[in-house]
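Reader: I'm new to this one, and I'd like a close look at a single part. Could you take me through chain A, and the helix pair in it?

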Amino acid sequence: MSSARYNYGTALLAGFEHLLENYPEVFVLGQGLWSPWYVGNSMTDLDKKYGLHRIIDTPVSESATTGAAIGAALAGMKPIVVHPRMDFMLYAMDAVVNQAAKWSHMFGGQAGPAVTIRSIINRGGEQGAQHSQSLHAWLAHVPGLRVVMPATVADARDLLIASVLCPDPVVFIDDRWLYELEDDLPPVVERQLEREGPKCLLAGHDLTIVASGYSTQLALNAAGLLATEGISAEVIDLRVLNPFDPQALINSVTKTGRLLAVDGGWSPCGMAGEVIASVMERVAPAAMKKSPVRLSLPFAPAPTAGSLEKIYYPSVATVESAARELVTKA
Amino acid sequence: MNDWSLGHLADPARCWEPIDVAGQNPESLLALLKTMLRIRQAERCLAEGRRNGQIGGPVHLGVGQEAVAVGVATSLRKSDRVFGAHRSHSHVISMGTSLHRLFAEVLGKQVGVSRGMGGSMHLWDQPNGFYGSVPIVAGTVPLAVGAALAAKMQGRGDVGVAYLGDGAVEEGVVHESLNLARMLEAPAIFVVENNLFASHMHISLRQPKAATARFAAANDIPYEIVDGNDVLAVRAAATRMIDLARAGKGPGFLEAVTYRWYGHVDWREDIDVGVNRSAVDLEGWRKRDPIARLVAGLDAQGWLNQAQQVAMEAEVTQEVALAWSEACDDGDPPPSALTSHVFVDRKVSTP
């Protein structure tokens, strides 16, 4: 079979279709699943194709639906619970952190809730502080949770499938700002999530830019502009934030001697800080040409005003500028 | 009780009479009695182990509440999915969990039901239908709804059971779970052991009405409120409710009114027992002892004489003592257990 054209949203849809088609124990529950607009184009008509008993739109109960997905997983199903905005998922944190993440270890490996918790970053458009957050670093802090952030069209489909087929609880974080991204995808090949991790998307030698999710696309676009200035950036996409394997980062920074960590979260105790610490622990000081730099959100909740929103989020220009400074400034 | 008081069921001076066993099968009643005795003695053993320092972690004991789990368990099968909470020794013992492995778990030993990683507050025995207990109040309630939903999807007539206390109904997730179970028509049975206390706080200080079944009514779920110290009343209500759930009639809510003789945690009766708890009340509730009342009922029918009762107690005593001694001799988990099973240990193929 030849490749076909997808965007990030339809790639997610293709992932759902693959799972629902091939695995009768897969079902999906969450708010908005019978609505044509709640989750972009990522789940269109799944309810019509697979039935309302497998695509379950729920009451406004993040906590109970997430707990129910965990319970169903313990009973042999492979549920996917969908939170159309990550901010609302905070109601479900007991289910995610105390229950899903802990049951395997707490019961000596006898219980494994193979649940996928899909959490969508949905920000911008003057939606303000409670319709904007990306709390991936919180979740990556917790042992027992796998945290996945697809940044590419291929990963949107393939990491969703790998997440649902994984025996562990997985928080799968996709970003509405990526849904229009396009690519050609080959037919599905199922992967084991345990084998997936940070990946070099662009080779370079002057500096290493590490990012995840939407920030990875910023980094790739910035790298394109930097190349026209004669700066060669290597871009590494984290993809799997927990458990975090920094080896690809270490290899890259050993070569480039410069590290820029870009993150769509806040700096304190955040993913960019974890990236830098993990690398600096393992790269010889002599190999570093400059101190590492992180680029993240201002340490404030997201604003509502459009004028402030424009300067709140990292952009291709701010990534490019930070990278240029890291390479050219003495 | 349409005013949502519990009436005589919450009155420590009432319900002392022998259980009416007329027309019942003596053998099945003796089995219920023996299981209640096993729970009582196992918990007495844990109380002593905690008092003398052999047990390092907290134990939440349910002495006085044995009839609830035993009454419910008679209608359960191994393929059902039962979830508990912090006070769940009775739940697992009623479902057939090995006393040895339960004790080993409380002692943090490798052969424990949770491989020594859970202790008293995190119990697991899926082969017997017990899917897990946790001490986050109401933490397992939505899980039971999901396991019930799975049972419905799997089409085998199994049910999910959530054991919770009167304190748990003060958690928001319980209300979400009741509504969700009703809307999904999940075969979920909510068993509220209403012992009138959440830790130290009497229900009158926490809720405007004592009957938690009012939340079932609010969510259009059928409910029954029973004397939780009458094992036959619990059994009858549980059977009706579980049969309906198996037949596809959706969730049910069973409120069993009972009382714990010990404080919230560990072996003492005199501390941490709370506001509004008096020695007089405790004495009254001791007279409502679910075991003594069943013994009296059996005796009245001539189905259990003094000698038989003594023999049964001796047999259970010996069983408990043997299990405890075996558990004490068991080994600790290896140091590697500290970081094992954080993620599921699946065979990962090479590329």
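Author: Here is a walk through chain A, its helix pair and a few spots beyond.

First, the ground rules. This is a predicted model, where local features need pLDDT of at least 70, side-chain atom pairs count only at pLDDT 80 or more, and totals for chains, interfaces and linings use all residues. Residues are numbered from 1 along each chain as its sequence is written, while chains are lettered from A and ligands numbered from 1 in the order in which they are written.

Chain A has 12 helices and 14 strands; helices (H or I, at least four residues) and strands (E, at least two) are DSSP runs, numbered from the N terminus. Its C-alpha trace spans about 60 × 45 × 45 Å along the principal axes. For 330 residues, a compact globule would have a radius of gyration near 20 Å, and chain A agrees, with 20 Å. That radius is taken over C-alpha atoms, and the globule rule is 2.2 Å times the number of residues to the power 0.38.

Of those 330 residues, 56% count as buried. Buried means that 20 or more other C-beta atoms lie within 10 Å of the residue's own, exposed means 12 or fewer, and partly exposed is in between, with C-beta atoms placed from the backbone. Take contacts in chain A between residues at least 6 apart in sequence: 82% of them join residues at least 24 apart. Two residues are in contact if their C-beta atoms, placed from the backbone, lie within 7 Å.

Now the helix pair. The axes of α1(A), residues 8-22, and α7(A), residues 153-165, come within 7 Å and cross at roughly 30 degrees. Axes here are lines fitted to C-alpha atoms, for helices over the stretch in contact, and angles run from 0 to 180 degrees between N-to-C directions. α1(A) and α7(A) are therefore roughly parallel to each other (under 35 degrees is roughly parallel, over 145 roughly antiparallel, 65 to 115 roughly perpendicular and the rest oblique). On the α1(A) side, the residues making the contact include Tyr8(A), Leu12(A) and His18(A); on the α7(A) side, Arg157(A) and Leu160(A) are among them. By class, this contact has 10 nonpolar, two polar and one charged residues. Ala, Val, Leu, Ile, Met, Phe, Trp, Tyr, Cys and Pro count as nonpolar, Asp, Glu, Lys and Arg as charged, and the others, Gly among them, as polar.

Two loops of chain A are worth a stop. Asp45(A) belongs to the loop between β2 (26-30) and α2 (46-50). Although Asp45(A) is not a glycine, its phi is positive, near 65 degrees. Asp45(A) counts as exposed, with 11 C-beta neighbours inside 10 Å.
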